[in-house]
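Thanks for coming. I have one structure to go through, and I will keep it short.

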Amino acid sequence: MNVDLNRRGLMVGAAIATGSAAWPALAQDGFDRPPEAPPAAAPPPLPIEQAKLPNGLRIIVLPRPGAARTSVRLIGEGGWLRDPGGKEGLAEVALSMLAQGAKRDGEEMESADIAYAGDLLGLPLRLELTPATAEIALEALPDQCDDAVNLLADLTQRPLLAFEALEHIRSRAVDALVLRRADALLLAPWAARRQFRGRAQPVQTSASLKRLRREDVLGFHRQYWRPERAVLLFAGDLSLQAARGLAEDFMGGWRVPKLPPAGPTPALALSTATPMPATAQFLPLPQGQGCRLIVQTPVPRGTPPALRELARTLMHQRIAARLPWPWESEMESLGGASSWRLSVTLPAAAVPEQLARLKEQLPLLAAEAVTPDDLALAQALAQGDWEFQLAEAPDALLAQALAAGELDDALQWPQRLRAVSAPVLQLLMASSWREGRTHLLLLGDAGPPEPAQRAWPGLALTTMRAVIGE
Amino acid sequence: MSAPTSAPSFEPQRLPNGLLWLARPVAGAQAAVRIVYRCGGRDDPTGRSGLSHLTLRLVAGASRYLEPGQFNRLIAAAGGRSGLEIDEDFAALQTVVPANQLERVLWAEAERMSNPRLEPDTLDTARRQLRQAVQAPQLNPYARLDLAVQRHGYLTHPYQRGALGDPEQLKDLDIETMRAFHAARFGCDRALLVVTGAFDEAELARWVMHYFGSIRPPMPPAAAAESAEPRESRRPQSQTLKLSLAQAPLPAAALVWQIPRADDPAMPTWQLAHALLGLGRSGRLTDTLVDEKALAHQLSLRLDAHRDAGLLVAQALAAHGQTAAPVAQALQQEVLRLADEPVSDEELDKAKALLRRQTLSNDWTADRLARSLGTACALRGDAGAPARDMAAWLKLSGADVQQFWRRQVVQAPVLTLLADIGAAAGVAA
C-alpha cells in the first residue's frame, strides 16, 4: 500500500470513481497542515463557597451543577510529617485504625460494617495520607450525602482505636514495609526524600512500628482530629446551605477540647530543614530486573506554585525530547525547599550511557533560553493538567491544594500561570540542576557499579540501613 | 451511509471508506478522540509477538505531514494529553484536549491514520519504545507471577503471549513485513473513531467527513490476509504449578479459571459474582482473608474478559509468616463458598451499587467515556453493552448468582500458581 498518497488528490479521484458528490464538496482545503489554532480559552477562577461552624469546622463547597454524585472529604492535620521521632508510621497507623471500628448511637461498628457502609454508597471509603494531612473520602448520590457525612463523623468522633485493631494494622504495615523495600518503584520516593532531606525526613521502620502503643494512637488522634483543625470538603451538585446543614447535623456536636492539644511532638519541622549536600548513591536491590533512576534538585522555599509547575513542565518536555525514555517528574513541597524530581526506569544495560548523557544534558537543558513559545507551551500544559484533574477528581485537586496551603493558587490557576513571565521562569530553571546541586539515586539492578561510576563520578554504593535506617 | 451532516448517534456510523465512528456529548470543557484498531496481541503472527504493538507505535510516531514528535508538540501546545494503548484485542490512540481544539486533533489523527511513516528509521524508534515498554513492568518483584498467569491461564489461544510482545522476536523484522502487516491490519476499514466531550454535533460530522472520509480504503487483497479466528481450549483438569520467586519479599498465589468470551450473554452474572467477591472494601475475599483470618496482605480478583476468551484471576500476597499453599487453599475455598453461603439482599444491593457507580462513572468525563465506548466496541462489538449489563444486574438475584457459580466455577478445573519465596522447588513457569 502506498501510504504517501496525497489525500486531497486521492479524495477527488475516489469521488469521481464513485460518482459521489458528497466527498469533494467538503474538502476545500489541503491536508498538509492543521487548521489554525483557536485562541486558548481562559477559564474563570473556581467559584468555591465557604462557611464555618461555631466549633471551628471549615466547610468548603465546589459547586458542580448537574454532577451525578457528590464527593465528600474530611481533612485533618495528621499527615506523616507529624510522625514523632522514633515512632515513624504513627500517622498512617492512626488513620488506618479509623476504619477498623467506631460507634454509632452507642452501638459498635466493626471494620466489616464500616467497609459495607462505604461500599453501599457506590465507591469504597478511601483513607489518604499526605505529608500534611490525613483524609477520609467518600462519594454519594445527592440524596445519600447525609449517610456519607454521618459515616465520616462516626469514624473521626467516635473511633474505637482498639488494641486488637492496632495489632492488625501494625502487622499489615510491617508487611507493606517489606514490600516497599523490595520494590524499587515503591521505595524510590522514600529513599529520594531521605537523600534530599537527610534524617529530618521521617521514614517508617519495623522498629518504629513496633514501638507504637495504643496510647500513642489515642494521643495522636486527639491532637489532630479536632473540628477547628479540620475541613469538610464537598464537590458536587449541592449548595453551601445544604452542605452546612449536613455539617451541623452530624458534626455540629463535635466539641473543641478545652485543654490545649497534648500529644507526641513531630520529629522535626521540615519547613526549617535545609536540603542535604548533593550526593550520588546506588542502592542495589536483588529483586526485579532493571533499576529506577532518580535525580533531584532543590527549588527555593517560597517559589510560587505556578512558577514551580511551569518549570517542571518545561523541563519535562525538554528531557523527554533529548533523552527519549518515559520520564516522570514531580515537584514536592513540604514547607521548606521543594524537591524537583525526575525519575525513569531503565534496564541495567542502559544505565551507564543514560547517566553520562544525563550528567551532560541536565545543566544544558535547564540553562536553555525560555522563549515565548516555550512559556506558552508550558502554560498550556499546566492549564490542561489542571482542567483534566478538575474533570476527573475535583475534590482531590482541592484537597491537594489545601494540604499544601495553596488553595488560592489552585482556584486561580489559569490566572496565576499567565502571570509568570519568561525571564522569571528562565531564572528559576537556570539556577536549578547545576552540578553541585543535583542528587542522583539508583535503586535496583543497575549492573556492576564501575561503568555507572565512570559515567557519574562520585556515585557511591550504599545500603538499605544507610538510607532507611535499618 | 448517513448523510455527512447528520447528527451522530449512539450506534457507530460507517463512512464510505469503511471507517466506523461514533460520538457522544459529555458536559465540560474537554473533548476526547480515540482511534481503536481492531488488531491486538491476538493478531500477532506466530514468531512475531508484539508486531501489533510495534505497528501502533509506528502509526503514533510520525507521518507524511507530522515529523517525529510533532504530534506530541501539537497536543501539548493545545494543553492536551495523549497516549497509546495496546491490548490483546485492540490497539488504541487516545487524546484529550480543551474542546475548542477538537478540529486540530481530528486533523492530526486522520493524518496519522492516513499517512504513517513506515520507514527503517521510524521502525528503529518504535522498536526502542517497545523494548522500554516491555522493560518497565519487570521492575516489579512479582512480574514473573503475572506473566505465568497469562502464559498458563490460556492453553492454546494467542492471548497467552500477552500484548506487549517480545523484543527478541522483532529485532530482525524488516520494513516490508511491517508495511504488509500495517496494510492488512491497520487500515481505516478496521478502525473505529470515538469522539466524546463538548462539541457541536453537525460541525463534528462535517469535520469527520472532511478529515477521515478522505482516507483511502485498503486495497482488496488486504482483506484476504485475514487468518483463522484463534480458539481457546477448555482446561481438561485442575493443575498446580510452582514457581520460585527467590528474591520476592512475600509468598504469593494465584488461582485462574477460564471464562467465556466478553460478549457471552452470561457476562453480567460473572460481573455481579466478581463484585460480590472482589469489589470494594467489603468484598468477601478481603473481608475474610485479609481482615478476619489475616492470611493475606493483599488480594485482587480480576475478570479479564476478552473477545475470544477470558480469565477470572484471584491473586493474593501472603501475610508475613504464611506460605503460598495455605493461602491458595483458603482463597479457593472463599471463591467457591459463594455457591453455598447465601447472598443476602443487602450484600447483593451493595455489589450492584458498586458496579453501577463504576459503569456510570464512565459517562462523567470525555476521557473515560471515549475509553469505555471504544473498549465496549472492540471487545463486545456493542457500544451499548455497559448499559445492557446494568439492566441485567437489576434482574439478577443472589440465588441466580449462586446457581451460576455452582455450574461455572465450582465444577470447573482451576489452575493454581504457587509462588514461594526462597528456595521453592518446582516447575519454572
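**A strand pair, a helix and a caution**

Start at one bridge: B:Thr240 has B:Thr416, in strand 11 of chain B, as its bridge partner. Strands here are DSSP E runs of at least two residues, and helices are H or I runs of at least four, numbered from the N terminus.

Before going on, this is a predicted model, in which local features need pLDDT of at least 70 and side-chain atom pairs count only at pLDDT 80 or more, while totals for chains, interfaces and linings use all residues. Residues are numbered from 1 along each chain as its sequence is written, and chains are lettered from A and ligands numbered from 1 in the order written.

Strand 7 and strand 11 (residues 415–420) of chain B run parallel over 6 bridges; pairing takes at least two DSSP bridges. They belong to an open, mixed sheet of 5 strands in chain B, ordered 7-11-8-10-9. Strand 7 (239–244) and strand 9 (296–305) of chain B are at the edges with a single partner strand each, so one side of each has no neighbour in the sheet.

Now helix 9 of chain B, residues 267–278: its 12 residues reach 16 Å from first C-alpha to last, close to the 16 Å expected at 1.5 Å a residue, counting one less than the number of residues. Because 12 of the 12 residues are buried, helix 9 of chain B is largely enclosed by the rest of the structure. Buried means 20 or more other C-beta atoms within 10 Å of the residue's own, with C-beta atoms placed from the backbone. Just after this helix, B:Gly280 has a positive phi of about 80 degrees.
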